[in-house]
Amino acid sequence: DQTSGIAGGQGGGGQGGVGRSPADPTETTPGGDAVPGTDGTGGGGGGAGGTSSTAAKRGGCGIVIVRIEAALKGALTKPVNPEPVEYDGQPHSVVPDTPFYTIDGDNGGTEPGTYMVTVTPIEELKWADSDNRDPVKVSLTIYPKGTLAGTVKVTGADVSFSGASSTNWVKNADNNYDLLLVFTNAASFTLPGSSQARILAVGGGGGGGSLYNNKTSGGKSPYAGGAGGGAGGFFETNAIYGAGTYTIAVGAGGAGSKGGSSGTGKYAGESGDPTTITTNGVTMILAAGGGSGGDQTDGLEGGSGGGGAKAKSANTHGGVVSDLAKMWHNLGNPGGEGNAELYGGGGGGAGAKGGNADDTAHGIGGDGRQSDITVDFGTPQDVWPWYAGGGGGGNCDQTLKDQTSGIAGGQGGGGQGGV
């Protein structure tokens, strides 16, 4: 009564047959034929039953299966740094995960920071452009999204900061990205260990001196301040800094003075405050405040000197670079001279002396200096930002009633002189 034979093995093996009785053709013993192996598996055919009238069955045909995991279009090219992405809460990879090279390091992440891996071709392959298997470093930067305080990864280490005015990532000479922090108020940042950092610090600019108005019948004042304020001291460095918290005090700009009609020494501006960076109570960096513009006197000293004010009977001198600024290796320049007739001298800038006033014009503010600290490597110098420009001198020639703008301040934020 057996209707089916013993099973073939999994993978296409045919079932064995069951014998039938040959003595009595009318016997209804069911029996069962052998089953061939399944095609496309290479399974063996089923064997015939012992007295079966049917033959044993054939094996199934074989098969070939190809599964393509990855394919190269041409030779293996070196991976390059992907463009930075803004934090979106989603994971991002530094390089694609392929079988053609090995990846050492943290191949991406979710949180803001810079992720770096080392990529090496497998033994069977070489880089197309160099015919070798030298390891290549590749990095991905995830921008913080509007983050002015927090913790981000820089080459795998956590850097914390608070009080930033803006944050960004800028490309360096190695085609990687550096964390950029800009501070214009009290703030701090914390380094996890020895860290390479560029720092630019500028002191507060000096306030301009005011006009002392004692109009004569000729329409010209015999006394006037009007001198431009000196720029704050400019200091830039690239050094190794140790682990710790660095506290920033950003120097405020000095107040400009108000005009008046009597007295000497009342209408000078105020000098700017210094900018400092300290750690563990020790000052690491200091950029001196700029000297104020004078009042019928010489300009005051500072990171750059203030301009000299117009005097009744003699020219006045611009302020000099202070000893404090020199001690901290600040870049600055003296203010310009005030003219005995009508005009105030320009404030000194980090890159140039303030302009001297003469019998026909007030002194232009001294130019500051450019820096590429905030821009990507390779950015043309003509678009680098300027810092620490001196203020333009004012004039007291009241016959110039149609003049609508004063003499320019220096490039780098120097204010224009008044008319």
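## Nonpolar surface patch

V64, V66 and I68 form a nonpolar patch on the surface, together presenting about 370 Å² of accessible area. Patches of this kind are made of residues with over 30% relative accessible area and no salt bridge, with nonpolar side chains (Val, Leu, Ile, Met, Phe, Trp, Tyr) joined within 5 Å and like charges within 9 Å. Accessible areas come from the Shrake-Rupley method with a 1.4 Å probe, only the protein chains shown counting as cover for residues. V66 lies in the segment before strand 1 (85-86); strands (E, at least two residues) are DSSP runs numbered from the N terminus. At 65% relative accessibility, V66 counts as exposed, where exposed means over 50%, buried under 20% and partly exposed in between.

## Basis of the model

The model is predicted: local features need pLDDT of at least 70 and side-chain atom pairs count only at pLDDT 80 or more, whereas totals for chains, interfaces and linings use all residues. Residues are numbered from 1 along each chain as its sequence is written, and side-chain values use heavy atoms, with hydrogens and water left out.

## Surroundings of T275

T275 belongs to strand 13 (residues 275-279) and counts as buried because its relative accessibility is 6%. A polar atom of its side chain lies 2.8 Å from the backbone oxygen of V202. Leaving aside neighbours within four places in sequence, residues in contact with T275 (heavy atoms within 4.5 Å) include A201, V202, A249, V250 and I285.

## Salt bridges

The whole structure holds 4 salt bridges, each defined by a side-chain nitrogen of Lys or Arg within 4 Å of a carboxyl oxygen of Asp or Glu. D158 and K153 form one of them, at 3.2 Å from N to O.

R198, E236 and D372 are linked in a network. The closest N and O atoms are 2.7 Å apart between R198 and E236, and this pair joins strand 10 to strand 11 across 38 residues. For D372 and R198 the corresponding distance is 2.8 Å; the two residues are 174 residues apart, with D372 in the loop between strand 15 (369-370) and strand 16 (386-387). R198 is partly exposed, at 36%, as is D372, at 24%.

Key
Helices (H or I, at least four residues) and strands (E, at least two) are DSSP runs, numbered from the N terminus. Buried means under 20% relative accessible area, exposed over 50%, partly exposed in between (1.4 Å probe, protein chains only). A polar contact is a pair of N or O atoms within 3.5 Å; within protein, one must be able to donate a hydrogen and the other to accept it, and residues adjacent in sequence count only if both atoms are side-chain atoms.
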